[in-house]
Every structure is written in C-alpha cells, then in structure tokens.
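Colleague: Please take me closely through one residue here. Then show me how the rest of the chain is built around it.

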Amino acid sequence: MLKNPFVIGTYAGSHYFCDREKETAELTSDLQNGRNIVLISQRRMGKTGLITHVFHQEEISEQYHTFFVDILATSSLREFVYALGSTILEQLKPRGKKMLERFLLTLSSLRPAIKLDALTGEPSLEIGWGNIPSVDTTLDEIFAYLNQADKPCIVAFDEFQQVRNYAEQNAEALLRTYIQHCSNARFIFAGSEPSMLADMFSLGNRPFYQSALSMHLDSIPLAAYVPFVRQLFGEHGKDIEEGLIQQVYERFEGITLYLQMMMNEVFLSTDAGSTADTAFFDVALRNLLNKQSFIYQAIFAELTERQREIVRAVAAEGHALNMTSGQFVQKYRLRSASSVQSALKGLVNKGIIGKEREAYVINDRLFRCWVNQFA
C-alpha cells in the first residue's frame with residue numbers, strides 16, 4: 001500500500017487509477033481490432049495515464065509489444081527517429097535479451113552508436129541529434145523491426161501534433177507512408193492541441209486524412225471520483241467530506257492532474273482517524289502555491305508588461321471570450337485590441353495560454369490560482 005495513494009505523474013497500477021472503464025474498454029477493443037486511434041484532450045486530463053493503463057490490461061500486455069514515445073521536445077525528423085529508437089531500446093530491455101538482440105540487429109545504421117554498459121552489460125543509444133547518418137535508412141530499420149517483431153506492436157506517440165512543426169516539410173507524408181505500410185503495428189496519436197490534431201486527421205489535403213478513428217478524453221465524472229477518493233482515504237484510516245471533493249473538482253474543472261495534486265496534499269494534511277472537511281481546501285491550495293511560487297514568479301518575471309496584463313485578465317475571467325472586443329479591452333484597462341492580439345500570440349507561443357473551444361485559458365490551472373492571488 002502506497003503511503004500516499006494519490007499518485008502524481010506516474011502510473012501506480014489499476015487500484016490507484018480512477019474510473020475510465022468505458023474509455024479503457026473502447027481503446028482496448030479498437031487496438032485489438034486493428035484500428036489506429038487519435039486520442040485528444042486538453043492538457044493534464046490523463047491521456048498518458050489512460051494509455052499506460054490500457055497497456056497494462058492483460059489482453060494487451062500479453063499479446064502485444066507496447067511502446068510509448070513522447071515527441072513533445074522534438075523539432076525534426078532526425079530527433080523523432082532518435083526518440084523512437086531510444087524508446088524502443090529502453091522498453092525492450094526488461095523484456096529479455098532475445099527481443100533486445102532482434103531489435104539491435106535491425107539497426108545496422110546505428111550500430112557504432114550502441115554502447116554496452118561496463119557494469120550491467122545493457123546497451124544504450126549514445127548518439128546526439130546530429131549523429132544519425134540517414135534519417136530514411138534508420139526509419140526503414142525501425143519500422144522493419146516493428147513489422148517483423150514476434151508479436152504485434154502498439155506504438156503511442158504523445159503530443160503527435162508536434163510533427164506539424166518539424167523543419168522538414170514532408171515529415172507528415174513520410175511518417176504516414178511508413179505507418180501505412182506497417183501491418184504488424186497499431187498506432188495511437190495522442191495530443192493536447194485539439195484543433196491541430198483535428199486538422200491533421202480530418203482535412204482532405206493532409207497526409208493522415210482519415211487514417212485513424214478519433215477518441216476524445218473528457219473529465220472523470222464527479223460521481224465516479226467521489227467514491228474513488230473516499231475509498232483511498234478509508235483504506236488508510238482517514239475520511240474526507242464529499243463537499244471538499246466537490247469543491248476541488250469544481251475549482252480545477254475536473255482536470256485529473258490538479259485533482260490528484262490537491263488530494264495528495266489534503267491526504268498529507270489529514271491525520272489518521274480524522275476527517276478532511278472544506279476547511280482543508282485553502283490550506284492545501286496555499287501549500288501547493290507556496291511550493292510552486294519560485295517557478296511561477298520566474299515565469300511571470302520573464303513576461304512583458306503587456307503579456308502580464310493579459311495573463312491577469314485571462315486568469316480573472318477563467319475562460320476569456322472576445323478578448324479583442326472593446327468591452328474586454330475597457331474592462332481590464334488594456335491598451336488596444338492590436339496590443340491584446342500581439343501579447344496573446346506571444347503567450348500562446350510560450351504555452352502559457354491556450355484555447356479551449358472559443359475561450360482562452362491559462363493552461364496551468366495552478367498558475368492561474370497563483371496569478372489571481374499574488375500577481
């Protein structure tokens with residue numbers, strides 16, 4: 001039993017994973033039936049957790065090789081190839097020497113860069129972004145491995161919309177070709193930029209047009225989250241009022257990461273044999289903001305004065321609509337509609353502000369709380 005059952009940023013097993021029964025069954029079934037899936041949600045809603053949970057389902061873990069590749073930090077096909085190759089190598093290590101050797105045999109173009117640890121004997125890929133001699137050759141080799149693996153493979157790409165920003169203009173078309181001809185693998189394209197992903201898979205002039213079914217991940221229902229939280233508290237001899245759970249859920253819009261962060265803090269503050277009530281909300285939030293304060297101060301200090309004004313306005317609104325309208329500009333005493341547009345563009349590029357449906361929001365909801373209280 002975990003000391004604190006509200007795990008943040010990792011998967012601790014099905015017991016600590018809330019609900020998603022319908023989504024788990026749907027995604028598992030789609031993969032088993034040979035479908036590629038576009039998994040879309042806003043940031044921090046739990047896409048990675050859902051994919052990992054599906055990968056741990058017996059019918060998946062025993063019948064498939066599974067690989068989770070985060071490509072958010074990549075900016076070119078060369079970096080994509082490195083991320084994919086490194087991920088497969090690392091995730092094959094615990095699965096036995098035979099499978100690892102099979103993969104290494106296919107990587108003839110990278111063989112000089114594969115080094116063995118002197119103590120453990122385990123291989124690692126010791127190359128930088130610029131040391132892949134031929135992107136096309138190495139992609140050929142990696143997809144050849146996926147096609148020839150002893151079991152079908154499932155490859156999940158996290159933040160797949162990043163491919164649109166690659167330096168190579170043919171990146172989407174090239175990857176579409178490889179994926180289309182990889183009959184031994186299914187693919188999950190996950191991302192937190194709904195409009196970008198929708199364009200990639202729904203517009204007729206894009207290479208990935210209609211190549212995958214879409215699945216949208218919403219908040220875990222409050223009716224499912226309440227008993228989940230109370231059960232975990234009860235297992236440790238603690239209790240929590242339903243009103244507090246609802247208060248946290250509503251403040252953070254049911255976004256999984258922030259629910260877990262708050263419940264982790266509330267659980268930490270609750271003594272065995274006692275009950276957490278609504279008074280714990282402000283204490284838990286204050287503790288989290290204090291822990292993040294240095295980072296948030298640094299982020300805020302790097303913004304221009306115009307950008308700070310926009311951040312304050314969006315934080316105050318929660319979901320800001322019609323930001324270039326005269327009414328919005330006047331309400332928050334902003335300089336002009338053009339200055340709002342310019343500052344907003346910079347904030348979106350920095351990832352501080354995002355768009356959900358028609359509204360602009362502070363992507364980090366905890367940062368929004370900090371701005372409202374301290375900025």
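What is the relative accessible area of Q91, and how does Q91 count on that value?

Modeller: Two ground rules come before the answer. This is a predicted model, where local features need pLDDT of at least 70 and side-chain atom pairs count only at pLDDT 80 or more, while totals for chains, interfaces and linings use all residues. Residues are numbered from 1 along each chain as its sequence is written, and side-chain values use heavy atoms, with hydrogens and water left out.

Now Q91. Its relative accessible area is 23%, so Q91 counts as partly exposed. The cut-offs are these: buried is under 20%, exposed is over 50%, and partly exposed lies in between, with a 1.4 Å probe and protein chains only. Q91 sits in helix α4. Helices here are DSSP runs of H or I with at least four residues, strands are runs of E with at least two, and both are numbered from the N terminus.

Which residues does Q91 meet? Setting aside neighbours within four places in sequence, Q91 is in contact with T66, F67 and F68. Contact means heavy atoms within 4.5 Å. Take T66 from that list. T66 is 25 residues from Q91 in sequence, yet their C-alpha atoms are 8.2 Å apart.

Next, follow α4 to a partner. Helix α4 covers residues 77-92, and the buried residues of α7 pack against it. They also pack against α6 (135-148), β5 (153-158), β6 (185-191) and α8 (194-202). Helix α7 itself spans residues 171-180 and is mostly covered, with seven of its 10 residues buried. Those buried residues are A171, E172, L174, L175, R176, Y178 and I179.

A nonpolar core is a set of buried Ala, Val, Leu, Ile, Met, Phe, Trp, Tyr and Cys residues joined through side-chain atoms within 4.5 Å. In soluble globular proteins, nonpolar side chains tend to be buried together. The largest core in this chain has 58 residues, and Y225 and I310 touch the most other members. A second, separate core has 45 residues, and A171 is one of them, along with I88, C182 and M200.

Go back to I310. Residues up to four places away are not counted here. I310 touches M323, L334, V340, A343, L344, L347 and I353.

Helix α13 covers residues 305-317, and E317 lies in it. E317 is partly exposed because its relative accessibility is 28%. Leaving out neighbours within four places, E317 is in contact with F328, K331 and Y332. By C-alpha, E317 and N36 are 38 Å apart in space and 281 residues apart in sequence.

A strand gives another case. A359 is found in β11, residues 359-362. With 7% relative accessible area, A359 is buried. Beyond four places in sequence, A359 touches H319, A320, L321 and G354. The C-alpha atoms of A359 and H319 are separated by 5.3 Å, although the two residues are 40 apart along the chain.

Now the loop between α8 and β7 (213-216). Y209 is found there. At 35%, Y209 counts as partly exposed. Y209 touches M200, F201, S202, L203 and G204, not counting residues up to four places away. M200 is also listed in the second core.

R20, in the segment before α1 (21-32), has phi near 55° and is not glycine. R20 is buried, at 2% relative accessible area. E253 also has phi near 55°. E253 lies in the loop between α10 (242-251) and α11 (256-269). At 25% relative accessibility, E253 is partly exposed.

Finally, step back to the whole chain. The chain holds 16 helices and 11 strands. Buried residues make up 50% of its 375 residues. Its C-alpha trace spans about 60 × 55 × 40 Å along the principal axes. Among contacts between residues at least 6 apart in sequence, 73% join residues at least 24 apart.
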